[in-house]
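User: I'm new to this one and would like a walk through it. Can we take it piece by piece?

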Amino acid sequence: MKYMMPTVFIVDDDPAVRDSLALLIMAQGMRTVTFANALEFLENYTEGEIGCMVLDIRMPQITGLALQEKLVERGITIPIVFITGHGDIEQCRRAFQSGAIDFLTKPIDQNRLIDSLRKGIRMSIHQQQQEEETQEVMQLLDRISGREREVLELVADGMSSKEIARQLDLSPRTIEVHRANLFSKLGVDSLADLIRFYLKALEATGKKRSDESFLNETSARQ
């Protein structure tokens, strides 16, 4: 896993607000980076950074809600705490529908803000862990052949080597070779670990146990 210091990104066109928020958040031991507008943030943000954002709703050129929409379009899932001096129900609804974790009106409740930011950072760390686990699973999947994927699925269904051999019209010896290859290529030491990997693979690929597309991610190689 990558280790980096979580960051709170503050995006607000009011320099006094940016400075006061930065001081408050840094006093709680969190790192902050401030931006005067949405475009400045987009130009400097590195995708995959661990952290969360304090985002003003009303800003010139690109509003806070518009920035949130751009991040969603780019697949960037940074947790966002919205702040506003003139919030309304519609803005609040849109913000939460797009994944905001809180919506605060000025003057800001400092304790609630800090609690929300800590929650956001925990979420960001969890998202990073999930993304790295998914990448690892996908890399391991690329190592196995289409036939080995078939065997993996049937093993996960509880079938013996003889049963798998009959279903695939192969010899039991060939199935044992495929099973041995799965253990070796996936780096697992037990049947339980093999089945756990299969379930992770289904989650990583967004498939269900009945989806043939899981087996067809790569061409079958005998």
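User: Is Q61 buried or exposed?
Analyst: In this predicted model, Q61 counts as exposed because its relative accessibility is 75%, and exposed here means over 50%. Q61 sits in the loop between β3 (51–56) and α3 (64–73).

User: What is the phi of Q61 near?
Analyst: Phi of Q61 is near 65°, which is a positive value in a residue other than glycine. Most residues other than glycine have a negative phi.

User: OK, and which loop holds D169?
Analyst: D169 belongs to the loop between α7 (161–168) and α8 (172–186), and although D169 is not a glycine, its phi is positive at about 60°. With a relative accessible area of 71%, D169 is exposed.

User: Switching topic, which residues does the cis peptide bond join?
Analyst: The cis peptide bond joins K106 and P107, with omega at about 0°, and P107 is placed in the loop between β5 (102–105) and α5. As background, most peptide bonds are trans.

User: Then what about α5, how far apart are its end C-alpha atoms?
Analyst: They are 46 Å apart, and this agrees with expectation, because the 32 residues of helix α5 (residues 110–141) should span 46 Å at 1.5 Å a residue. At the start of α5, a side-chain oxygen of D109 comes to within 3.2 Å of the backbone nitrogen of N111.

User: Which residues of α5 are buried?
Analyst: The buried residues of α5 include L113, I114, L117 and I121, and among them are also S124, Q128 and E132, as well as V137, L140 and L141.

User: And R93, where is that found?
Analyst: R93 is found in helix α4 (residues 89–97), and the side chain of R93 makes a polar contact with the side chain of Q97 at 2.7 Å.

User: How far apart are R93 and E47 in space?
Analyst: From C-alpha to C-alpha, R93 and E47 are 26 Å apart in space, while in sequence they are 46 residues apart.

User: Zooming out, which domains is the chain divided into?
Analyst: The chain is divided into domain 1 (7–131) and domain 2 (143–205), and the C-alpha centres of domain 1 and domain 2 lie 45 Å apart.

User: What does UniProt list for residues 7–121?
Analyst: An unreviewed UniProt entry lists residues 7–121 as "domain: Response regulatory". In the model, that span is 43% helix and 22% strand, and its end C-alpha atoms lie 8 Å apart.

Note on methods:
Residues are numbered from 1 along each chain as its sequence is written. This is a predicted model: local features need pLDDT of at least 70, side-chain atom pairs count only at pLDDT 80 or more; totals for chains, interfaces and linings use all residues. Side-chain values use heavy atoms; hydrogens and water are left out. UniProt positions are given in the numbering used here, feature names are shortened, and annotations may be inferred rather than shown by experiment. Helices (H or I, at least four residues) and strands (E, at least two) are DSSP runs, numbered from the N terminus. The expected span of a helix is 1.5 Å times one less than its number of residues. Buried means under 20% relative accessible area, exposed over 50%, partly exposed in between (1.4 Å probe, protein chains only). A polar contact is a pair of N or O atoms within 3.5 Å; within protein, one must be able to donate a hydrogen and the other to accept it, and residues adjacent in sequence count only if both atoms are side-chain atoms. Domain bounds come from an automatic or database domain assignment.
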